[in-house]
Every structure is written in structure tokens, then in C-alpha cells.
Amino acid sequence: MVYVLRCVVPLLAVLASLLAAAPAQAAAPNYILVSGPGIKHPILLGNWDENGALLSALVGAPTAKGSAVRKLARRPSFGLAEFWNWGYLPRPTRPSQANQHGRFYPAHGSKPAVIVMMLDGRRIPRLVRARARQILARHDVPLRL
């Protein structure tokens, strides 16, 4: 009995960790295409893990309220085209091919950067935390306009 427990317990631990990892990977688009005025060519974020890290940084981010969202539609912004379940298809080139769409509003004047994307089943404006800014900056997405 002790021998069985010694074999089964580690196996169950490995199985549990694999099952826990699967939803985390499935919760990220394969690609995010950033485009809009001020970007010469669309910027493709093509690392699934990094896209997951970007979304994770936004999930717990504070909701943008008050002056941060006042007149948001008039602020400069970039389209975020999200390509879910796109792993075996050619790299996307047009935002119109995307499964979901969001917007990134870089910091502007005294207003902080804001992202509006579907996260946790809700589409609400969120303040962009440092980790998300780092990922966007690594791909030369303008953070301030």
C-alpha cells in the first residue's frame, strides 16, 4: 500500500499541474495585431505565452474611471485585433480576420493609458499596468501620444 501511494501521489501531482496549465495557455490569443494611425505597419504580437502574460496583467488591473475614460472615444487609439485558435493558420495580416477586437488608448496629456478588451467575459476599460506596458513597449507600440 505504501509503495502504491509513493507511485500514485507524484503521478497525480504531475497530472494536476498539467491540467492547471492547460486553461492558462488556452486563455490567450495566438496573435494580437496592433494597428491604427501613427503605426506605419501593423505590429504583430505572436508569442502565445507573452500574449497570455499581457492579458494576465490586465485581468487584475483597476477599472479606468472618471477623467481617465471621459471622452475616451476622442482620444488617439490603436485597434487590437485578437486571433484566437489561430495556431495552424498563416500569420494574420489584416485586423478584419480577427475573432475579437479591442482598443488601446496610449497615455495622452494627463490621461493614463487604457485598454478596452474582453477579459473575464467583460468588456470594460482598464488602466494599463507596468507589466502590460513593458510587453507593448518591447514591440514598439507607442505608449504615449
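Colleague: In what order do the elements of the chain run from the N terminus on?

Modeller: This is a predicted model. The secondary structure of its chain comes to three helices and six strands. From the N terminus on, the order is α-β-β-α-β-β-β-β-α.

Colleague: What percentage of the residues of the chain count as buried?

Modeller: The chain exposes about 8800 Å², and carbon and sulfur atoms supply 61% of that area. To count as buried, a residue must have under 20% relative accessible area. Of the 145 residues, the share that does is 36%.

Colleague: Which element gives the largest share of the largest nonpolar core?

Modeller: That core has 22 residues, and V34, L45, L54, F104 and I115 have the most contacts inside it. Two or more residues come from each of β1 (31-35), β2 (43-45), α2 (48-59), β3 (78-83), β5 (114-119) and α3 (130-138). In soluble globular proteins, nonpolar side chains tend to be buried together. The largest share here, four residues, comes from α2.

Colleague: Which residues does L45 touch, leaving out those up to four places away in sequence?

Modeller: L45 is among the residues with the most contacts inside the largest nonpolar core. Leaving out residues up to four places away in sequence, L45 touches N30, Y31, I32, V34, N51, L54, I135, L136 and H139.

Colleague: On the same side of α3 or on opposite sides: where do the buried residues A132, I135 and L136 lie?

Modeller: A132, I135 and L136 are buried in α3. An α-helix has 3.6 residues a turn, so residues three or four places apart point the same way.

Colleague: Against which elements do the buried residues of α3 pack?

Modeller: The residues in question are A132, I135 and L136. The elements they pack against are β2, α2, β4 (100-105) and β5.

Colleague: How far apart are the closest N and O atoms of R138 and E50?

Modeller: The count of salt bridges comes to one. R138 in helix α3 and E50 in helix α2 are 88 residues apart, so the pair links distant parts of the chain. For a salt bridge, the nitrogen must be within 4 Å of the carboxyl oxygen. The closest N and O atoms of R138 and E50 are apart by 2.8 Å.

Technical notes:
Residues numbered from 1 in each chain as written. Predicted model: local features only at pLDDT ≥ 70, side-chain atom pairs only at ≥ 80, totals over all residues. Heavy atoms only, no water. Buried < 20%, exposed > 50% of the residue type's maximum accessible area, 1.4 Å probe, protein only. Areas by Shrake-Rupley, 256 points an atom, 1.4 Å probe, with all protein chains shown as cover. Core = buried A, V, L, I, M, F, W, Y, C linked by side-chain atoms within 4.5 Å. Contact = heavy atoms within 4.5 Å. Salt bridge = Lys/Arg side-chain N within 4 Å of Asp/Glu carboxyl O.
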